[in-house]
Amino acid sequence: MQTIDALNHTLNSYLKPDQTSQVTRAYYFAEQAHYGQIRRSGEPYVTHPLAVAGILADMHMDHQSLVAAMLHDVIEDTGIEKSAIGEQFGDTVAELVDGVSKLTQMEFESLEEKQAENFQKMALAMARDIRVILVKLADRLHNMRTLGVLSTDKAKRIARETLDIYSPIAMRLGMNNVRMEFEDLGFSILYPMRARRIDAAIRNARGHRKELVENVRSQIVATLNQEGHDVRVIGREKHLYSIYKKMKSKRKSFAEIMDIYAFRIIVDSVDTCYRVLGCIHSLYKPVPGEFKDYIAIPKSNGYQSLHTVLMGMHGVPIEVQIRTREMEDMANNGIAAHWLYKSDDQGANSSQARARQWVQGLLEMQQKAGDSLEFIESVKIDLFPDEIYVFTPKGRILELPRGATAVDFAYAVHTDVGNSCVACRINRRLAPLSEALESGHTVEILTSSGARPNPSWLDYAVTAKARSNIHHFLKHQTRDDSVALGQTLLNKGFADFGTTLDQVDQDQLTEFLQEHHYTTVEDLLVDVARGSRLPAITAQQILSEHVAGTATAGRDEPVAIRGTEGYMVSFARCCHPIPGDAIEGYLSSEKGVVVHRDQCNNLADMRENSDRLVALRWDDDVQGDYPVELRVEVENRRGMIAVMATRINSMGVNIEKISTENKDYQFTFVNMEMHVENRVHLARIMKRLRDVNHVRKVVRVKN
Ligand code: MN
């Protein structure tokens, strides 16, 4: 069992005294926070975070990672909040602890292969600071080491998750030592019988080979020392899981796989690597075709080393790897090794900068080697994700671009879901469709059969799929309406010249269309409806200039509004026109025809731009409900609003908005917005309100 004193000893070898003391302080903080909690092994809980910090200390991680490791279960398992950690140990540490807690809360269950990869990506995407992942890997490593005391079902679940999620993450980050230990522990838990048999075989073989291995080793050391090289020679054994995989995939017997002697030689410089290689090749005969120079041409994950195979006594092959200490460290600890070699400034930015440096380093090595960039691309994407990963209610993971909203999610699930969505729940909480999603969120879409895409969704939908579907829907829904409206408007323009679109000379029309790059007449009509072409001017242009400036007779024939024109016709919010009101239109260059009441003050201002004004009337078959605003003056009495609301509701009308404004001690103004069919309908409502006791005055609000 590790102690804080032993840890401090390690820390003093590479951290500054004040950094070491912060880690110590975090230890006592954790000890107190977890006071009374016991691990399943019977030890006090604090032994776990202490061991996790110890794992990171062995990798020479920075002090903030170690402090976070000490505190990593505090938010999750004790009552202490993130802010309290921030006050005690700084915001960076608080963020790290919070990040680890969030990863811990995620449940990685029932994984198909493809899902497993998404989970790995999700985990990486959730960690804004790469150190979160490193602390989490160390946490998982210690848990795996101590799994023996858990019930087998739970142990197996954790082991499976480790093999599916965490060991691939360790591999992506080049952390080979951690990956191998994950694999061996996971293998032993999932397949205890097989693991025990292979382990016993290894021990057995080791006993037989011991003498021979030591012979070869001392021969190598002696030869190299003679040449003046100060080296470390390690006898190497394949790890459990890799033997198992080899037996399975290459269908080799255990004896065949084990019948190889392997050594690693660690030297001080790249130059020495090649000199040592020369010495070794003169000591034993190299096997042709087995020499590989991964220093000049690194492996795609950045691995560097010289590999060679020699023919030993009795024809036994000897595998030798030669590398520098730095290469050894990179091969073992990957991204974590970066904290050892470049350690000065701290914080999340420098952590991310280091991750970037690591990727950059790999990239340079690869470019020199001219190797495939596939692995690098995947690491880069994982460390600096442009994607977020969110859950469906059933636990499926969807990948979306950063900034995506529930609308994007809905369309990603299915076009029909997108077209009929009305609201969403994010982590079970009702949320607006416009809210940006984050990795790890669970998103549920609420749909309604009558719902339709809303043009405002285009303001926040980011995926191509959502945007093109919304555009497509709006276009199809409204194009026919737009063409019809455009024709009506353009005919009004032609009326000034005593003609109609149908009567216009076809050559003149064709010439106009070509000149203005329209493929069809419909395209032109849509533009007119949209307000980007003014009817009077367009008519004049089609008929060509020699009729310019003629009379404006017939211009007064108004366009009928049915209320079903789609988004080419909208109703002004300033004056809330309803059927029965005298109305006039304004051709806005973006919104098409905007309908105002003819007494609207805003319209008066627009009269200066009279080219854009359109005479309108309500169609006899007008449909729909229209918003209107009422201002009611009532006596200051309890329950007045309830009485009025009940009256209005009893007529089948809902109040959409309500606000009050005190007039004086005796009276209050109540403003109400509701939807009505027409003026007659409104008049009935106003009458009902006037009949209410203590209501003094009811008026419709004009802007
Ligand atoms: Mn833990």
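Helix 4 has as its buried residues His 63, Gln 64, Ser 65, Leu 66, Val 67, Ala 68, Ala 69, Met 70 and Leu 71, where buried means under 20% relative accessible area, exposed means over 50%, and partly exposed lies in between (1.4 Å probe, protein chains only). The helix spans residues 63–71 and is mostly covered, with nine of its nine residues buried; helices here are DSSP runs of H or I with at least four residues, strands are runs of E with at least two, and both are numbered from the N terminus.

Helix 20 (residues 406–413) is largely enclosed by the rest of the structure, because six of its eight residues are buried. The buried residues of helix 20 are Ala 406, Val 407, Asp 408, Phe 409, Ala 410 and Tyr 411.

## Basis of the model and the chain as a whole

This is a predicted model, in which local features need pLDDT of at least 70 and side-chain atom pairs count only at pLDDT 80 or more, while totals for chains, interfaces and linings use all residues. Residues are numbered from 1 along each chain as its sequence is written, and side-chain values use heavy atoms, with hydrogens and water left out.

The secondary structure of the protein chain comes to 28 helices and 20 strands, and 48% of its 703 residues count as buried. Its accessible surface comes to about 35,400 Å², of which 47% belongs to carbon and sulfur atoms; these areas come from the Shrake-Rupley method with a 1.4 Å probe, and for residues only the protein chains shown count as cover. Among contacts (heavy atoms within 4.5 Å) between residues at least 6 apart in sequence, 67% join residues at least 24 apart.

## Salt bridges between separate elements

Side chains of opposite charge can pair when their charged atoms come close. A search of the whole structure finds 27 salt bridges, each defined as a side-chain nitrogen of Lys or Arg within 4 Å of a carboxyl oxygen of Asp or Glu. One of them joins the side chains of Glu 181 and Arg 145, at 2.5 Å from N to O. This pair links distant parts of the chain, with Glu 181 in helix 11 (residues 176–190) and Arg 145 in helix 9 (residues 130–145), 36 residues apart. Glu 181 is partly exposed, with a relative accessible area of 25%, and Arg 145 also counts as partly exposed, at 42% relative accessibility.

The side chains of Arg 597 and Asp 581 meet in another salt bridge, at 3.6 Å from N to O. Arg 597 lies in strand 15 (residues 592–597) and Asp 581 in the loop between strand 13 (569–571) and strand 14, so the pair ties together parts that are 16 residues apart in sequence. Both Arg 597 and Asp 581 are buried. Elsewhere, Lys 82, Glu 95, Asp 98 and Lys 102 are linked in a network of salt bridges.

Glu 673 forms a salt bridge with Lys 657 through their side chains, at 3.6 Å from N to O. The two residues come from distant parts of the chain, Lys 657 from strand 18 (residues 655–662) and Glu 673 from strand 19 (residues 667–676), 16 residues apart. Lys 657 counts as exposed, at 54% relative accessibility, whereas Glu 673 is buried, with a relative accessible area of 15%. Leaving aside neighbours within four places in sequence, Glu 673 is in contact with His 576, Pro 627, Val 628, Glu 629, Asn 654, Ile 655, Glu 656 and Lys 657.

Glu 584 is found in strand 14 (residues 583–588) and is buried, with a relative accessible area of 17%. Not counting residues up to four places away in sequence, Glu 584 touches Val 594, Val 595, His 596, Asp 598, Leu 603, Arg 607, Leu 613, Val 614 and Leu 616.

Asp 505, Asp 507, Glu 511 and Glu 515 form a negative surface patch. Patches are made of residues with over 30% relative accessible area and no salt bridge, like charges being joined within 9 Å and nonpolar side chains (Val, Leu, Ile, Met, Phe, Trp, Tyr) within 5 Å. Lys and Arg count as positive and Asp and Glu as negative, with His and the chain ends not counted, and the place of a charge is taken as NZ of Lys, CZ of Arg, CG of Asp or CD of Glu. Within this patch, Glu 515 lies in helix 23 (residues 506–515) and is exposed, with a relative accessible area of 53%.

Thr 3 lies in the segment before helix 1 (4–12) and counts as partly exposed, at 38% relative accessibility. Thr 3 and Thr 47 are 44 residues apart in sequence and 8.1 Å apart in space, C-alpha to C-alpha.
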